[in-house]
Amino acid sequence: MADFETRDPTSTRFWDERFEKNFTPWDKGDVPGDLQRFVRHSERPLATLIPGCGNAYEAAFLAQQAWQVMAIDFSPAAVQSARAAIGEWGKHVVEADFFKFTPQFDLDLIYERAFFCALPPEMRPAIVARWAELLPTGGLLAGFVYFNDTADASRKGPPFSIHSDDWLVLMAANFELVEDRAVEDSIAVFAGKERWQIWKRR
Ligand SMILES: C[S@@+](CC[C@H](N)C(=O)[O-])C[C@H]1O[C@@H](n2cnc3c(N)ncnc32)[C@H](O)[C@@H]1O
């Protein structure tokens, strides 16, 4: 396994180093089936933000379906990797910090995969507050949540799992759960522990 100089996942260097060394064990390499089904059943195209997009396969997929999409990542190496991975669709990938950037359009949907669980637990209230700030009433947060209800499980990471009770408390103030299902095509790291969920902004 590669040796790493950086241990702080809130720093861009942490992620740069891992993309540069080609150590990306969270990377699925394609578009999750649950997102494909969601798009198939959507009544209309949704203007979508993908925070912490990594290789951004989903951005290419959504753009191919003529959905408006902006995928952001604060790691220059991640953005470079995404542009190599998705070719012409890389124009939808922007180097930006989730907590500071201004969206280029009004959002209907924020898509979540392996961004929330990439950051340490103390960042969670700020992430959820930012989702709530970016979405209008009725806007959707859809994606994958990495659960583990064993005591202390969330201390090790990334990925940092979350206890399902803590997740519900965090989300309940601003969001309503509208879909929750097991995931069938997880990669090994998340298998049996992630769920596909859709939350509606109150
Ligand atoms: C575990 S990777 C997941 C990448 C991608 N979502 C996927 O499913 O493969 C987490 C990503 O979040 C990015 N990230 C972390 N903090 C960020 C921030 N504040 N703003 C934007 N991107 C961030 C990292 O650079 C990294 O590419």
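This is a predicted model: local features need pLDDT of at least 70, side-chain atom pairs count only at pLDDT 80 or more; totals for chains, interfaces and linings use all residues.

Visitor: Which residues are closest to the ligand, and how many surround it?

Guide: The ligand has 21 residues around it, and Trp15, Gly52, Gly54, Ser75 and Phe98 are the closest. Sorted by class, that shell holds 13 nonpolar, four polar and four charged residues.

Visitor: On to the sheet. What is the strand order?

Guide: The general idea: strands of a sheet pair through backbone hydrogen bonds, either parallel or antiparallel. Here you have an open sheet of seven strands, ordered 3-2-1-4-5-7-6, and the pairing is mixed. Strand 3 (93–95) and strand 6 (175–182) are at the edges with a single partner strand each, so one side of each has no neighbour in the sheet. From one strand to the next, the twist averages 25°.

Visitor: What goes on around strand 3?

Guide: Strand 2 (residues 69–73) pairs with strand 3 in the parallel sense, over three bridges, and Ile72 sits opposite Val94 of strand 3. Helix 4 (residues 76–86) lies across strand 2 and strand 3, at about 165° to strand 3.

Visitor: Why is Arg195 called partly exposed?

Guide: Buried takes 20 or more other C-beta atoms within 10 Å. Arg195 has 19, so it is partly exposed. Arg195 and Phe147 are 48 residues apart along the chain, yet their C-alpha atoms are separated by 7.7 Å.

Technical notes:
Residues are numbered from 1 along each chain as its sequence is written. A residue is near a molecule or strand if its C-beta atom, placed from the backbone, lies within 6 Å of it. Ala, Val, Leu, Ile, Met, Phe, Trp, Tyr, Cys and Pro count as nonpolar, Asp, Glu, Lys and Arg as charged, and the others, Gly among them, as polar. A residue is buried if 20 or more other C-beta atoms lie within 10 Å of its own, exposed if 12 or fewer, and partly exposed in between; C-beta atoms are placed from the backbone. Two strands pair if DSSP finds at least two bridges between them. Helices (H or I, at least four residues) and strands (E, at least two) are DSSP runs, numbered from the N terminus. Axes are lines fitted to C-alpha atoms, for helices over the stretch in contact, and angles run from 0 to 180 degrees between N-to-C directions. Two residues are in contact if their C-beta atoms, placed from the backbone, lie within 7 Å.
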